[in-house]
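Take the points in order, with the viewer open.

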Amino acid sequence: MDSDVVRPARVAECALELEARAAAPVPGGSGTFFTVECEVLRVHAHERIVVPGTHHVDPAVWSPLVYDSRHYHGPAPQVGHGFRSETAGRSATGTRAERPRRTPA
């Protein structure tokens with residue numbers, strides 16, 4: 001799948017794709033790795049993960065594969081949302097998302 005503004009192709013199987021350019025590579029670990037700050041130029045989100053009527057990705061629907069310290073996993077269950085969230089209580093499935101209930105310890 002061709003990208004709009006960068007040379008590398010997009011991955012059709014990915015529900016969320018970011019076209020970006022490396023802005024600030026910073027060496028770390030005595031030069032054994034780099035942390036790269038990127039400038040996102042274009043975002044592509046499949047309609048099934050977008051909250052209807054918005055341009056917001058529904059975190060309850062989008063479930064990325066995360067690689068962390070040699071382990072692959074999905075995101076943990078949601079425990080709440082920030083006060084600035086524009087989609088709290090809304091879902092891409094059209095249903096109202098329920099806030100998880102905490103059980104006393």
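**Notes on the predicted model**

1. Let's start with R42, which is partly exposed at a relative accessible area of 35%. For the cut-offs, buried is under 20% relative accessible area, exposed is over 50%, and partly exposed is in between (1.4 Å probe, protein chains only). R42 makes a salt bridge with D4, with the closest N and O atoms 3.0 Å apart. R42 sits in strand β2 and D4 in the segment before β1, so this pair ties together parts 38 residues apart in sequence. D4 is partly exposed too, with a relative accessible area of 46%.

2. A word on provenance: this is a predicted model, where local features need pLDDT of at least 70, side-chain atom pairs count only at pLDDT 80 or more, and totals for chains, interfaces and linings use all residues. Residues are numbered from 1 along each chain as its sequence is written, and side-chain values use heavy atoms, with hydrogens and water left out.

3. How many salt bridges does a search of the whole structure find? The search gives 3, a salt bridge being a side-chain nitrogen of Lys or Arg within 4 Å of a carboxyl oxygen of Asp or Glu. One of them joins E17 and R10, with closest N and O atoms 2.7 Å apart; both E17 and R10 are buried. R21 and E39 form another, at 3.4 Å between the closest N and O atoms. Since R21 belongs to strand β1 and E39 to strand β2, the pair ties together parts that are 18 residues apart in sequence. R21 is partly exposed at 45% relative accessibility, and E39 is partly exposed at 39%.

4. On the fold: the protein has 0 helices and 4 strands, running β-β-β-β from the N terminus. Helices (H or I, at least four residues) and strands (E, at least two) are DSSP runs, numbered from the N terminus. Strand β1 (residues 16–28) pairs with strand β2 (residues 33–45) in the antiparallel sense, over 12 bridges; pairing requires that DSSP finds at least two bridges between the strands. L16 stands opposite A45 in β2.

5. Have a look at the turn. β1 and β2 make a hairpin with 4 residues between them, and G29 in the turn has a positive phi of about 55 degrees. S30 also has a positive phi, near 55 degrees, and S30 is not a glycine. Most residues other than glycine have a negative phi. S30 lies in the loop between β1 and β2 and is exposed at 82% relative accessibility.

6. The loop between β2 and β3 (66–68) holds D58, which is buried with a relative accessible area of 2%. A polar atom of the D58 side chain lies 2.9 Å from the backbone nitrogen of A60. T54 is in the loop between β2 and β3 as well, buried at 18% relative accessibility, and its side chain reaches the backbone nitrogen of H56 at 3.0 Å.

7. Last, the surface. Of the 105 residues, 15% count as buried. The accessible surface is about 8900 Å², with 53% belonging to carbon and sulfur atoms; areas come from the Shrake-Rupley method with a 1.4 Å probe, and for residues only the protein chains shown count as cover. V40, in strand β2, is partly exposed with a relative accessible area of 44%.

Technical notes. Polar contact = N/O pair within 3.5 Å; in protein donor to acceptor, adjacent residues only side chain to side chain.
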